[in-house]
Amino acid sequence: MKKGLLLLAALVYLMASSQTALAHKARYHSIFIYNFCKYIHWPEGDSSRFVIGVFGSSEVTACLEQMVVSNKGKGLSIEVRQIDAIASVKECNVLYVATEESGRMPEIIEATTDMPILLITDYPGLAYKGSVINFTVQEGGVRFELNKKNAADRGLKVAECLQKLAIVV
C-alpha cells in the first residue's frame with residue numbers, strides 16, 4: 001500500500017513538473033518569437049497589420065496574446081492568431097509551427113513558397129527542411145538555429161545581432 005502511494009505521489013509530482021516545464025517552454029518560445037520580430041526585416045508591404053500565427057495547439061498562443069496586450073502602444077500593432085488550416089498560413093508575417101504539427105511542414109512550405117513569412121519551428125532538423133528559425137535545447141537552455149538561406153529565399157533580412165546569437169545552419 002505504501003509503495004503504491006509513493007508511486008502515485010511520484011507520478012503526480014512528475015506530471016506537475018512536466019506541466020510546469022511545458023508552461024516555461026511556451027513562455028520562453030513566446031518571448032523569443034515576439035523579439036525576433038524586432039530583428040527581422042520584411043519587404044515592403046501592408047504595414048497596417050502584423051500577424052503572428054500559431055499553427056497547432058500550443059500554449060504559445062496564450063503567452064503571445066498576453067505579451068501583445070501588455071506591449072500595446074509600444075510601436076507595431078500585432079495580432080496573434082490560432083491557425084488551424086493550411087490556407088490560413090498565408091495571412092501571417094510570422095508562423096510558429098507547434099511540435100505536434102511538424103509533420104505538416106512540407107504542406108506549409110509548399111503553401112508559403114517565396115512568401116515573406118518567418119517560419120519558426122520546434123522540432124529537430126527542421127531548420128534544414130524549410131524553417132527559418134528552429135528552437136533547440138543545448139546545454140540545458142533554449143537556443144535557436146537560423147537558416148539564412150531560407151530567410152533570404154523568403155525575402156527576409158536577419159539583423160546581424162540576431163545572427164550572432166543564433167546557431168547558423
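Student: What makes Phe135 count as buried in this predicted model?

Tutor: Its relative accessibility is 2%, and buried means under 20%, so Phe135 counts as buried.

Student: And why does Phe32 count as partly exposed?

Tutor: Phe32 has 23% relative accessibility. Buried would need a value under 20%, and exposed one over 50%, so Phe32 counts as partly exposed.

Student: Why is Pro124 called exposed, then?

Tutor: Happy to show you! The relative accessible area of Pro124 is 68%, and exposed means over 50%, so the word applies to Pro124. This proline sits in the loop between β5 (118-121) and β6 (133-138).

Student: Back to the rings. How many aromatic pairs are there in the whole structure?

Tutor: A search finds seven. In one of them, the ring centres of Phe32 and Phe135 are 5.6 Å apart, with the planes at 70°.

Student: What makes the pair of Phe36 and Phe135 stacked?

Tutor: Here the centres are 6.1 Å apart and the planes are at 25°. Planes under 30 degrees apart count as stacked, so that is the word for Phe36 and Phe135.

Student: Which residues form one aromatic cluster?

Tutor: Phe32, Phe36, Tyr96, Phe135 and Phe144 do.

Definitions and conventions
Residues numbered from 1 in each chain as written. Predicted model: local features only at pLDDT ≥ 70, side-chain atom pairs only at ≥ 80, totals over all residues. Heavy atoms only, no water. Helix = DSSP H or I, 4+ residues; strand = E, 2+ residues; numbered from the N terminus. Buried < 20%, exposed > 50% of the residue type's maximum accessible area, 1.4 Å probe, protein only. Phe/Tyr/Trp six-rings, centres within 6.5 Å; stacked < 30°, edge-to-face > 60°.
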